[in-house]
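Here are my notes for someone opening this structure for the very first time. Have it up on your screen as you read, and take the points in order.

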Amino acid sequence: MKLDKNELWAGTFHGRHDGAPAKVTATLDDTRPEPYAWTCTCGASRSFPTQDDVFDTAWRHTHPTRLDRLRGWAARLLRTRAAR
């Protein structure tokens, strides 16, 4: 992942989710309303007003617990049923 000129690298997390390898990059960008963010190679991203929870959520995205996997499965099931 290439950073913009105004972004500072804060950390990288390697892991897996949904059975595929994943890489999450955490950044700091003072020009955004929520300057702390992470972006995953899968396309997912989140931003935060402070650095609290940035690293925890990035880690859990690449290292989901059993409960996280169950929640993801349930969300996909509900989206599939709602689309019918």
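1. Let's start with a single residue. Threonine 27 sits in strand β2. Is threonine 27 buried or exposed? Its relative accessibility is 3%, and since buried means under 20%, threonine 27 counts as buried. Leaving aside neighbours within four places in sequence, threonine 27 is in contact with Leu3, Glu7, Leu8, Ala10, Arg32, Pro35, Tyr36 and Ala37. Keep in mind throughout that this is a predicted model.

2. Now step back to the whole chain. The protein has two helices and four strands, and along the sequence they come in the pattern β-β-β-β-α-α. Taken along the principal axes, the C-alpha atoms fill a box of roughly 40 × 25 × 25 Å. Of the 84 residues, 27% are buried. The accessible surface is about 6,200 Å², with 55% of it belonging to carbon and sulfur atoms. As for contacts between residues at least 6 apart in sequence, 26% of them join residues at least 24 apart.

3. One place to look is leucine 8, whose bridge partner in β2 is leucine 28.

4. How many bridges do β3 and β4 pair over? There are four, and the pairing is antiparallel. Tryptophan 38 stands opposite arginine 46 in β4.

5. Another backbone spot deserves a look. Aspartate 53 has a positive phi of about 75° although it is not a glycine. In general, most residues other than glycine have a negative phi. Where is aspartate 53 placed? It lies in the loop between β4 and α1. Aspartate 53 counts as partly exposed because its relative accessibility is 45%, which falls between the 20% and 50% cut-offs.

6. What makes up the largest nonpolar core? Nine residues do: Phe13, Ala22, Val24, Ala26, Trp38, Cys40, Phe48, Val54 and Ala58. Two or more of them come from each of β2 (20-28), β3 (36-40) and α1 (54-62), and β2 gives the largest share, with three residues.

7. Not counting residues up to four places away in sequence, alanine 22 touches Phe13, His14, Gly15, Arg16, His17, Cys40, Thr41 and Thr62.

8. Next, the aromatic rings. How many aromatic pairs are there? The count comes to two. In one of them, phenylalanine 13 and phenylalanine 55 lie 6.0 Å centre to centre with 55° between the planes, a tilted pair. That pair links distant parts of the chain, with phenylalanine 13 in strand β1 (residues 8-17) and phenylalanine 55 in helix α1, 42 residues apart. Phenylalanine 13 is buried, at a relative accessible area of 14%, whereas phenylalanine 55, at 33%, counts as partly exposed.

9. Why is the pair of phenylalanine 13 and tryptophan 59 edge-to-face? Their planes stand at 75°, and planes over 60 degrees apart count as edge-to-face, so the pair gets that label. The ring centres are 6.3 Å apart. This pair, too, links distant parts of the chain: phenylalanine 13 is in β1 and tryptophan 59 in α1, 46 residues apart. Tryptophan 59 counts as partly exposed, at 44% relative accessibility. Taken together, ring pairs link Phe13, Phe55 and Trp59 into a cluster.

10. Last, helix α2, which covers residues 66-83. Its 18 residues reach 26 Å from the first C-alpha to the last, close to the 26 Å expected at 1.5 Å a residue. Is this helix well covered or hardly covered? α2 is hardly covered, with a count of one buried residue among its 18.

How values were computed: Residues are numbered from 1 along each chain as its sequence is written. This is a predicted model: local features need pLDDT of at least 70, side-chain atom pairs count only at pLDDT 80 or more; totals for chains, interfaces and linings use all residues. Side-chain values use heavy atoms; hydrogens and water are left out. The expected span of a helix is 1.5 Å times one less than its number of residues. Buried means under 20% relative accessible area, exposed over 50%, partly exposed in between (1.4 Å probe, protein chains only). A nonpolar core is a set of buried Ala, Val, Leu, Ile, Met, Phe, Trp, Tyr and Cys residues joined through side-chain atoms within 4.5 Å. Contact means heavy atoms within 4.5 Å. Rings of Phe, Tyr and Trp (its six-membered ring) pair if their centres lie within 6.5 Å; planes under 30 degrees apart count as stacked, over 60 as edge-to-face and the rest as tilted. Two strands pair if DSSP finds at least two bridges between them. Accessible areas come from the Shrake-Rupley method with a 1.4 Å probe; for residues, only the protein chains shown count as cover.
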